[in-house]
Amino acid sequence: MKQLKIAALAGDGIGPEVMREAIKVLRAAEKKFSFQLGITEAPVGWAGIDAAGQALPAATLALCKQSDAILFGSVGLPDRDPTIPKAERPERAALLRIRKEFGLFANLRPVTLPKALAHACPLAKERQGNGIDILVVRELTGGMYFGQPKQTEDLGGGVQRAIDTMVYTTPEIERIAQVAFQAARLRRKKLTSIDKANVLENGILWREVVTRIGKAYPDVTLEHMFVDNGAMQLMLRPTQFDVMLCENMFGDILSDEAAALGGSLGMLPSASLGATTGGNTFGFYEPAGGTAPDIAGKNLANPIAQILSTALMLRYSFQLNDAAAGIERAVGRTIDAGCRTGDIFSPNEPNARKVGTREMGDAIAAAV
Ligand code: IPM
Ligand code: MG
C-alpha cells in the first residue's frame with residue numbers, strides 16, 4: 001500500500017480551521033482508497049514565529065525536506081507586529097522561501113464554477129455560458145517577485161526610491177510553457193498566453209519563447225493576449241478561456257480575478273510543482289485565498305479550497321487519480337445537496353443550508 005509522507009503546515013488565520021477539515025476528508029479517503037497517510041504537522045508563519053522565532057522554523061523546513069508533499073494552509077497577518085523586518089515576515093520568509101527552496105516553478109490554479117453556484121458568480125447568467133472552467137498556470141519562482149535588485153533606497157531630502165526587477169530567462173519561460181501546453185492537451189486544447197509585449201522586454205521574450213514551444217504542440221490552439229485585455233476578457237467572456245499561461249505577477253492578479261468567477265476565493269485550490277525527477281513530483285498544495293483574519297476562529301471559513309488542494313496533492317504528487325476524483329466528486333455532491341458556507345450562501349436558493357467550516361468538512365468527508 002502506498003505510504004504518503006505529508007508535511008501539514010496550517011499557518012495563520014483560518015489556516016488551522018480549514019486544515020483540520022482537509023485532514024478529516026483525507027482520512028475518509030484513506031479508508032476508501034488504498035493508501036496510508038503519514039501526516040506530520042508543523043508550525044509556519046506567525047505560528048512559526050511564536051513557536052520558534054522564525055516564520056519557517058528549521059525543524060519545519062527539515063520536515064518538508066523529508067516529506068513527499070507539503071499541504072499548506074496560509075500565512076501572514078497584516079496587522080501583527082509591523083516592526084518585524086520585511087524579509088522576516090511570513091509571506092517572504094516562509095511562503096516565497098519555500099517556493100524558491102523547492103524550485104516550485106509551476107503553479108496550477110483550476111477555477112470552475114459549479115452549476116449550483118451560478119448565483120455566487122458576480123457575472124450575469126448569460127456571461128456564464130455553459131459553465132466557467134479555467135486553469136491558470138502561473139510561473140512562480142521568477143519575475144518581479146524574485147528579480148534583483150529588490151530594495152528601497154534613501155535618496156536624501158526625504159525622498160526614497162523602491163526598485164523591483166522583472167526578469168525572466170529563456171529556460172524559465174520554456175519550462176512553464178511546457179507545463180501549460182501539456183495541461184491544455186488534457187483539457188480543451190486551447191492556451192491563452194498572457195503578456196505585456198507592447199511595453200515590456202519581458203513580454204516580448206515571453207511571447208517569442210511560448211510561440212516556439214507551441215510548435216511542438218500543433219494540437220493545441222495558441223493565442224496571445226495583453227494582460228490588461230485578459231483582465232477585461234475574464235469579465236466579458238470568461239468561457240473563451242481554457243488554460244491561461246501567466247508570468248508570476250500577472251498570474252497572481254488574474255488568478256484572484258478568475259477565482260471570483262468560480263463563486264468564491266474560498267473555492268480555489270492550487271498546486272505548486274517542481275521538476276519531476278525519477279517519476280516523482282514534489283508538490284506544495286494550498287488554498288489560494290489567504291488567511292482571512294476577519295473571519296478566523298469563527299467557524300465561518302470555507303474549507304473547500306483546502307480540501308480540493310488535497311485532491312490536487314493526491315493526483316500530482318501521488319498519482320492517486322481515483323482518490324483525487326473521489327474527493328472532487330464528494331465536494332460536488334455536497335454543494336449539490338445545498339451545503340453552503342457564508343461566502344457561497346444566497347437566501348434566494350430554496351434548498352440551501354448555511355453551515356460552518358466544521359459542518360462543511362463533515363459533509364464532504366461523509367460524501368467521500
Ligand atoms: C498567492 C498570494 C501570495 C503571492 C502572497 C501571500 C505572497 O497572494 O499565493 O497568490 O502573491 O504569491
Ligand atoms: Mg495572490
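Predicted model: local features only at pLDDT ≥ 70, side-chain atom pairs only at ≥ 80, totals over all residues.
Select Lys65 and Glu101 and show their side chains. The two meet in a salt bridge, with 3.3 Å from N to O. Now color by secondary structure: Lys65 belongs to helix H3 (residues 58-66) and Glu101 to helix H4 (residues 90-101), so this pair ties together parts that are 36 residues apart in sequence. As background, side chains of opposite charge can pair when their charged atoms come close.

**Stop two: the ligand.** Zoom to ligand 1, which sits in the second largest pocket. Which residues are around ligand 1? Select Leu95, Arg99, Arg109, Arg138, Tyr145 and Asp252 and you have the shell. Sorted by class, that shell has 2 nonpolar, no polar and 4 charged residues.

- Arg109 places a polar side-chain atom 2.8 Å from an oxygen of ligand 1.
- Arg138 has a polar side-chain atom 2.9 Å from a ligand 1 oxygen.
- Asp252 also brings a polar side-chain atom to 2.9 Å from an oxygen of ligand 1.

Switch to a surface view here. On its own, ligand 1 exposes 320 Å², and the protein buries 76% of that.

Most residues other than glycine have a negative phi, and most peptide bonds are trans. Go to Asp81, in the loop between strand S3 (69-74) and H4. Its phi is near 35°, a positive value in a residue other than glycine.

Then jump to Pro149, in the loop between strand S5 (133-139) and strand S6 (151-156). Is the peptide bond joining Gln148 and Pro149 cis or trans? Check omega: the value is about 0°, and the bond is cis.

Notes. Residues numbered from 1 in each chain as written. Chains lettered and ligands numbered in written order. Heavy atoms only, no water. Near = heavy atom within 4 Å. Polar contact = N/O pair within 3.5 Å; in protein donor to acceptor, adjacent residues only side chain to side chain. Areas by Shrake-Rupley, 256 points an atom, 1.4 Å probe, with all protein chains shown as cover. 1 Å grid on protein atoms, 1.4 Å probe; cavity = no way out; pocket = protein on both sides within 12 Å on 5 of 7 lines; lining within 4 Å. Sits in = over half its atoms within 2 Å of the grid points. Nonpolar A, V, L, I, M, F, W, Y, C, P; charged D, E, K, R; others polar. Salt bridge = Lys/Arg side-chain N within 4 Å of Asp/Glu carboxyl O. Helix = DSSP H or I, 4+ residues; strand = E, 2+ residues; numbered from the N terminus.
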